[in-house]
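Welcome, and please open the model in your viewer. We will go from the whole chain to a few selections, one stop at a time.

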Amino acid sequence: EEGAANNVAFTFLLTAEGHTLYLTVDDADFVGRILQLSGFEVLNCELVYDILNKNTTLDSSNGLGYVTKADFDIALRALCPHVGGLSNDDVQFLTFAFSNIFYAFDAADDGGYEYVAIRELACGLSLLCQGSKSVKLQFGFGLFDADGDECLTILELQSFLASILTVLFACIYQTARLPPSESRALIDQCTGAIADDIFQSYYDATSSASTTITFDQFGAWYNDRGFSLVPWLELLDLSKWNPAQGAPNGSKGGAERRQPAAERSSAAGGSAVAGSGGDGGGDDVRFSFVLVDETSTPAFTVEISGMDMKAIHSLVTKTALVNLAPNSFCAPLLESSMDGVLDKRFFDKCMRKLVKSTNLSKDDQNAFSVILSAIFYSFEADEGEDEGADCVELAIGMAMLCTGDKSSKLLYAWQVMSGEVDGCLDFASLQSYIRSFLRMLIAISFDASSHRTAETKAYASGMAAWVTESIMRDYADADTEMVVFDDFAQWYTDGGYEVAPWLELLDLSKWVLAKS
């Protein structure tokens, strides 16, 4: 199997039931890119904590500070002032990475508000900061010492460990795509068992819930046996993210990198936490399309997994987008553009009008926000062009989420691109038309998100150019060098369906909404 789930560097057994965390070489590269672009690896933990505290807009009279997403974004700009000089692609990557981290914590709150406890966020972010494992553990331990007695209760100890594991989950491909509630439940199960083991090392089962342990006791437990139970804590040392350094004690590395996923799952005594096939989840690839460049050379493979299908099914059904006609959904986007460009602010405004969130759970709101943002960024202009997304391509691509079959969506998209019911398209317009559907497919593929946006855009443009060339060569009018929709339809019937089978996915009833 190809993709981000391959090249396993380390495995960590999380629970007695066999839930196992797989850290891949790509995951290590992902964290390395965060560090390189953000500069977090030169920041100390205390500075991050102080900046978060200084930028909170929420009342902390209860002794616990909280930050909203807006507060967090402001704090990040203060911590990473050089980010303004990065490319759009790099800024988008950091926005995606740090948003994942924030919402991984936010998913644990029950009130439906977008805020996170500063001590949890700072403790988790220490994973990315400078300092040794011991320094970071002592720093995090102190953050959860609410009464200043240099001790933690069992619940405080669990929260301390959960904060670190939450950021780890947000940075690892396998767990980052889990539904937030499922991720939180697994983290609680893992850290709850570890906290129980630590306390049982010093107290019997009848001890009061108010019983506490010191940092020295925690350290003694770790040195005695904890290193084999929670080897993922070794990743607080950033040098351990280099697979060439060898596996942390208690994890598995080496030859297992090339062990098939099914065998890894079996060897671990249980299923991987990302799930398995058969229920619309997991790593199973349901559709795979090879994209070629202008020279007919295979350049990239778009993979749509069961998890991707499940996410889109949830989006279109829970928001009722599947009941909207393409025109009803896309017209507001087209009307909000300026000179054919739609910026993120107006896109978000349109989505809030079209996607009603009043009846959605917090988990769904967060998940749908990530999906819709990924779609927008897939259509955003390249560097050097106007900021924002090509509104026509974005509207055409997003028509996939609406009601209707393949033919009706293709015809609607043609009319939007040409501006007329019976309009003609030249080479550039036809390439843009075809690229719109490819960019949409890439946007909903979680596997594709592990690649740079600039790369996937280039792959979509290359494939669209190759397809356009084949259509124009055989079906364009000799005088005008243009094609009408009937020409395109005839090309598809004559064999285009073999060249661009992915167009069949415009009909959601054939995959996302299929009964089996």
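Helices here are DSSP runs of type H or I with at least four residues, strands are E runs of at least two, and both are numbered from the N terminus. Counted that way, the chain has 20 helices and 12 strands. Please keep in mind that this is a predicted model.

Start with the whole chain selected. Of its 516 residues, 51% count as buried. Show the surface next: the accessible area is about 22500 Å², and carbon and sulfur atoms account for 49% of that. As for contacts between residues at least 6 apart in sequence, 68% join residues at least 24 apart.

Now select residues 118–125, which make up helix H5. How many of its eight residues are buried? Seven are, leaving the helix mostly covered. Colour them in if you like: Ile118, Arg119, Leu121, Ala122, Cys123, Gly124 and Leu125.

Move on to helix H14, residues 344–354, and pick out Lys353. Is Lys353 buried or exposed? Its relative accessible area is 57%, so Lys353 counts as exposed, the cut-off being over 50%.

For the last stop, go to helix H18, residues 427–443, and select Ser432. Ser432 has a relative accessible area of 8%, so this residue is buried, under the 20% cut-off. Which residues does Ser432 touch, leaving aside those up to four places away in sequence? Display Glu393 and Met417 to see these contacts.

Notes. Residues numbered from 1 in each chain as written. Predicted model: local features only at pLDDT ≥ 70, side-chain atom pairs only at ≥ 80, totals over all residues. Heavy atoms only, no water. Buried < 20%, exposed > 50% of the residue type's maximum accessible area, 1.4 Å probe, protein only. Contact = heavy atoms within 4.5 Å. Areas by Shrake-Rupley, 256 points an atom, 1.4 Å probe, with all protein chains shown as cover.
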